[in-house]
Amino acid sequence: MVFLQIAAKDLRSELRTKESLNASLSFAVVILLLFSFAFDPSSEAVAEFSGGLLWLVFAFAGALILNRSFARELPNDCLEVLIASPVSGAQLFLGKTLASFVLLLTIEVICLPIFGIFYDITWIPQALPLLGIFALGTWGMTILGTLFSALTVNLSLRELMLPMLLYPLMLPALMAAMRLTTILLAGNAIVGNDMVWLRLLIGFDIIFTALSLALVETILVR
Amino acid sequence: MTKNIRLVLGALVGILLLRNLYVILFNLPDEMEQGPVYRIFYYHLPAFFAAILCYITALVASSMYLIKKNLRYDAIAMSATEVGLAFAAVNLVTGMIWGRISWGIWWAWDARLTWALICWLVYFGYLMLRQAIDDPTERAKNSGCFRFSRLCRWRLPTKPLSGGGRSIRVRC
């Protein structure tokens, strides 16, 4: 269970400085605000693409959190020490993913009521299923994002490279999460043909968790 | 010797290309429904097949690099991606031109078009990643892992993309 200790270390370190938490939360609110200038926020059409709007905000805010995941260890060569320690690469990776997952999910849970207020969307009756979809979508984003964060940690252009590599690849999960969130925010249940999106999201999470755990040792070895 | 063989092969391909261009542009009659625009398929479809072949070659080469750690495989992966990207661009542009003439719009958010654009962006990202890493071993390892992570293929319903009932297959 070393990964839990690594996750706790990352969360403690983040809560002390709150640098990526504050940055991505304020960034998410700014994007929510900017969207209101692009179209009429009170129109009924907003409900039809509410899931898409919300997940775009999460994806942008997520990139800021994920960028810091491994970059946080760069000062004082902490990453080298972590890699040289008897902790396996998979444990280190899982710990970092878990910490990013908790941080991003926190931001999403704060953003949802703000989104509801700004765009007049009722979300409280569907709060629990929404939380489930958020958890599944966020896990897909963080597992892939943490892998690419490890991949780009030593690059000077990592802030630019991470979103560029991450967004096209996580498109299946993003599409599924957007669709499912829109269905739930419209007050409907996920049944019948819509279950395909849920299956896709779960499949994405399982496949990329396994793939990332298999690849991370190769990536972390210097 | 190898250089000579390459030169001869290049010359042969050049001659064949000229002959095919002549046949496509001057010998073949127009298609009954589409008119002369159908000729674009003589570029569009082969470009697609060439791009897919390059992508598969690059995937195999990257996997081989991760197993054998031989930089030769990495060089093959990179060259195949560069060539594949050029063919994919030809495929995209010719598809757009055909769409403009047949459907009246440049970009239709058709499932296949969207898939092709996503793929193009993914492989462009691969080249960007390589460009950003200086150390050859680190570059080969990281880009190999990145390439390997796009092994999965997805069949998605296309409602958010095109509104149709067809499916889109996303190879990432």
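Analyst: A helix here is a DSSP run of H or I, at least four residues long, and helices are numbered from the N terminus. The model is predicted.

Start with A:Gly52. This residue sits in helix H3 of chain A, which covers residues 50–71. Is A:Gly52 buried, exposed or partly exposed? Burial needs 20 or more other C-beta atoms within 10 Å, and exposure means 12 or fewer. A:Gly52 has 17 C-beta neighbours inside 10 Å, so it counts as partly exposed. Beyond its neighbours within four places in sequence, A:Gly52 is in contact with A:Met178 and A:Thr182. A:Ala63 is eleven residues from A:Gly52 in sequence, and their C-alpha atoms are 17 Å apart.

Next, the loop between H3 and helix H4 (78–84) of chain A. A:Asp77 is located there. Its phi is positive, about 55°, although A:Asp77 is not a glycine. With 11 other C-beta atoms within 10 Å, A:Asp77 is exposed.

Another loop of chain A, between H5 and H6, holds A:Asp120. Here too a residue other than glycine has a positive phi, near 55°. A:Asp120 has 13 other C-beta atoms within 10 Å, so this residue is partly exposed.

Two packed helices are described by the angle between their axes and the distance between the axes. For H5 (residues 89–119) and H6 (residues 127–152) of chain A, the axes come within 9 Å and cross at roughly 135°. That angle makes H5(A) oblique to H6(A). The crossing is right-handed. From H5(A), the contact takes A:Phe93, A:Lys96, A:Thr97, A:Ser100, A:Phe101, A:Leu104, A:Leu105 and A:Glu108. H6(A) answers with residues including A:Phe134, A:Trp139, A:Ile143 and A:Ala150. By class, this contact has nine nonpolar, six polar and two charged residues.

Then the core. The largest nonpolar core has 95 residues. Those touching the most other members are A:Leu144, A:Leu166, A:Met170, A:Leu174, A:Ala177, A:Leu180 and A:Leu201. H5(A) supplies the largest share of this core, 13 residues. A:Met170 touches A:Gly140, A:Met141 and A:Leu144, leaving out residues up to four places away in sequence.

One helix pair spans the two chains. The axes of H7(A) and helix H4 of chain B (residues 111–132) come within 9 Å and cross at roughly 150°. Angles over 145 degrees count as roughly antiparallel. H7(A) and H4(B) are therefore roughly antiparallel to each other. Their crossing is left-handed. H7(A) contributes A:Met161, A:Met164, A:Leu165, A:Pro168 and A:Leu169. H4(B) contributes B:Ile118, B:Leu121, B:Val122, B:Gly125, B:Met128, B:Leu129 and B:Ala132. The contact of H7(A) with H4(B) has eleven nonpolar residues, one polar and no charged.

H4(B) also carries B:Trp120. B:Trp120 has 18 other C-beta atoms within 10 Å, so it is partly exposed. Apart from residues up to four places away in sequence, B:Trp120 touches B:Leu85, B:Ala88, B:Ala89 and B:Leu92. B:Leu53 is 67 residues from B:Trp120 along the chain, and their C-alpha atoms are separated by 14 Å.

Last, chain B as a whole. Chain B has six helices and two strands. Along the sequence they follow the pattern α-α-α-α-α-β-α-β. Of the 172 residues in chain B, 26% are buried. Among contacts in chain B with a separation of 6 or more, 60% join residues 24 or more positions apart.

Key:
Residues numbered from 1 in each chain as written. Chains lettered and ligands numbered in written order. Predicted model: local features only at pLDDT ≥ 70, side-chain atom pairs only at ≥ 80, totals over all residues. Axes fitted to C-alpha atoms, helices over the stretch in contact; angles between N-to-C directions. Parallel < 35°, antiparallel > 145°, perpendicular 65-115°, else oblique. Left-handed = near helix turned anticlockwise from the far one by under 90°. Contact = placed C-beta atoms within 7 Å. Nonpolar A, V, L, I, M, F, W, Y, C, P; charged D, E, K, R; others polar. Core = buried A, V, L, I, M, F, W, Y, C linked by C-beta atoms within 7 Å.
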